[in-house]
Amino acid sequence: MTMTKPLGNGHPRGPSETYGRRIVPRGPAPVRMRVLAGFFDAGVFLLPLLVGWYIVQSLRDDNGGGEADRAVFGGTAIAIAVGLLVWNLGFREGATGRTSGKGWVGLVTRDAETKQPIGVRRALRRPFDRSGIEVVRESTARDEGFEELARDNSVGATRRRRLIGLAVLTVLLALVMLASIAVGARPLTFAEIFHAIFSSDGTQTDIIVRTLRAPRTILGLVVGIALGIAGALIQGHTRNPLADAGLLGLNAGAAFFVVMAIYLFGFTAPSQYLWFAFAGSFVASIVVFGLSSIGNGGASPLSLALAGAAVAFFLQAMTNAVIILDQTSLDAYRFWVVGSVSGRGFDVLWQVLPFLILGLVIALASTPGLNVLSLGEDVAKALGTNIAFSRTLGIVAITLLTGAATAACGPIAFIGLVVPHVARAITGPDYRWLVPYAGLLGAVMLITADIIGRVVVRPGELQVGIILALFGAPFFIALVRRRKLASL
């Protein structure tokens with residue numbers, strides 16, 4: 001006798017439905033569900049185009065926009081839309097069977113014969129060739145043995161993906177730098193930009209490009225690289241996923257020395273108090289490292305964080321005391337502390353560039369030791385690693401990179417905090433790859449924020465520190481909510 005399980009309304013199941021067996025619908029998914037998924041996927045593609053169209057319309061000539069401005073923002077919107085389309089309908093649907101829309105309504109795209117994913121290449125050809133492809137409910141696909149394509153995690157494939165990622169970031173950085181030269185408060189045409197770069201003869205547009213936009217673009221490049229790499233090193237050495245330059249007291253040391261330079265010597269230009277800012281970061285790092293090394297345990301990640309917090313609070317209190325007593329110091333300090341790459345020429349860049357290059361070399365040389373330290377101090381000692389030397393090398397690199405960047409542009413937040421998490425999500429915990437990724441991502445993030453700051457309140461500007469705070473905080477919150485932060 002076949003047992004049947006009563007339905008929720010009291011009616012028994014049919015004789016073909018055995019007791020305890022779940023009913024799974026068969027056949028193609030309903031048209032209404034596929035249409036709903038298509039509308040959702042279309043929205044993912046069209047949203048950046050609509051935002052780009054709105055921005056381009058707001059940058060008309062009568063609104064103070066220019067040809068280069070419209071081309072940059074319009075091209076960016078198209079590139080983002082195409083990238084989302086390829087990712088959603090190609091890589092995601094080909095490997096998992098689900099686009100954003102299909103995942104939302106519970107549908108799966110699969111091969112009609114093998115009942116498995118169709119692959120990335122076939123998914124990209126799907127708009128032109130639908131033969132042998134079907135869309136079913138997710139429950140149907142799972143019941144019939146559907147499995148997502150496993151990612152190739154072999155050494156060769158991983159290295160290849162990382163190299164491709166570095167190449168893509170390099171191209172993206174070059175495009176962002178060109179956009180930084182093209183976009184600004186003064187609208188320019190492409191003819192004027194090319195004339196200023198290749199055949200300058202001292203016209204007004206040549207001066208704008210060569211003495212204003214080019215220096216701040218290159219400075220944004222080197223400072224973004226420095227802050228991204230320094231953030232990765234700080235989080236690695238302190239084993240703290242929320243660590244940045246402020247945690248070690250470097251920003252507080254630079255701020256205190258800048259205020260004292262303004263108060264005692266009357267310096268007001270960035271090129272005048274640059275060396276004081278660098279000296280402040282250097283002295284703060286020595287004090288923090290010295291305090292954390294007191295005792296038998298040496299400079300552990302916990303002692304570094306505690307010493308850095310104590311020094312930062314003390315120096316911040318001293319800075320506040322000075323700026324309260326002197327109005328001139330307050331006026332100069334409040335512009336420096338926001339963080340900006342504007343108003344700095346090549347004179348500032350040449351002064352900090354040697355320290356940035358030296359810090360970059362030391363940072364790259366210290367990555368193998370940091371990989372060993374990430375396994376734990378006991379394991380590192382067992383492997384013969386000199387922990388004190390490795391940590392000292394890392395602190396020197398952090399001081400050079402953060403001190404020079406802060407001296408040139410002021411304390412710029414969020415890059416050193418957010419960028420390492422994004423790089424770690426792409427590369428994993430290997431610092432030999434994480435450090436270069438963090439540098440490139442930091443440069444892209446800083447220059448992009450600077451571009452946005454030039455156009456949102458045109459003809460005025462918002463400092464890059466303000467833009468990074470406005471966009472960096474929600475981005476970091478979304479990152480934390482989307483994925484669990486990698487343990488360090």
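**Legends to close-up views of a predicted model**

**View 1. Threonine 319 within helix α11.** Threonine 319 is placed in helix α11, which spans residues 301-325; helices (H or I, at least four residues) and strands (E, at least two) are DSSP runs, numbered from the N terminus. The structure is a predicted model, in which local features need pLDDT of at least 70, side-chain atom pairs count only at pLDDT 80 or more, and totals for chains, interfaces and linings use all residues. Residues are numbered from 1 along each chain as its sequence is written, and side-chain values use heavy atoms, with hydrogens and water left out. Threonine 319 counts as buried because its relative accessibility is 0%; buried means under 20% relative accessible area, exposed over 50%, and partly exposed in between (1.4 Å probe, protein chains only). The side chain of threonine 319 reaches the backbone oxygen of leucine 315 at 2.9 Å. Not counting residues up to four places away in sequence, threonine 319 touches Ala252, Ala255, Phe256, Val259 and Tyr333, where contact means heavy atoms within 4.5 Å.

**View 2. Serine 285 and its polar partner.** Helix α10 (residues 270-293) contains serine 285, which counts as buried at 6% relative accessibility. The side chains of serine 285 and threonine 399 are joined by a polar contact of 3.2 Å. A polar contact is a pair of N or O atoms within 3.5 Å; within protein, one must be able to donate a hydrogen and the other to accept it, and residues adjacent in sequence count only if both atoms are side-chain atoms. With neighbours within four places in sequence left aside, serine 285 is in contact with Leu250 and Thr399.

**View 3. The crossing of helices α8 and α16.** The axes of helix α8 (residues 204-238) and helix α16 (residues 415-427) come within 8 Å and cross at roughly 75°. Helix α8 is therefore roughly perpendicular to α16, a class that covers angles of 65 to 115 degrees, with those under 35 roughly parallel, those over 145 roughly antiparallel and the rest oblique. Axes are lines fitted to C-alpha atoms, for helices over the stretch in contact, and angles run from 0 to 180 degrees between N-to-C directions. Residues of α8 that meet α16 include Gly224, Leu227 and Gly228; among their counterparts in α16 are Ile415, Pro420 and Arg424.

**View 4. The largest nonpolar core.** This core has 100 residues, and those with the most contacts inside it are Val223, Leu233, Trp336 and Ile412. A nonpolar core is a set of buried Ala, Val, Leu, Ile, Met, Phe, Trp, Tyr and Cys residues joined through side-chain atoms within 4.5 Å. Helix α17 (residues 431-455) contributes the largest share of this core, 15 residues. Isoleucine 412 touches Val223, Leu227, Gly339, Leu446, Val464 and Leu468, not counting residues up to four places away in sequence. A second, separate core of six residues includes Ala29, Met33, Ala37 and Val135.

**View 5. Two loop residues with positive phi.** Lysine 115, in the loop between β1 (107-111) and α4 (120-125), has a phi near 65°, a positive value in a residue other than glycine. Lysine 115 is partly exposed, with a relative accessible area of 26%. Phenylalanine 414 lies in the loop between α15 (387-409) and α16, and has a positive phi of about 80° although it is not a glycine.
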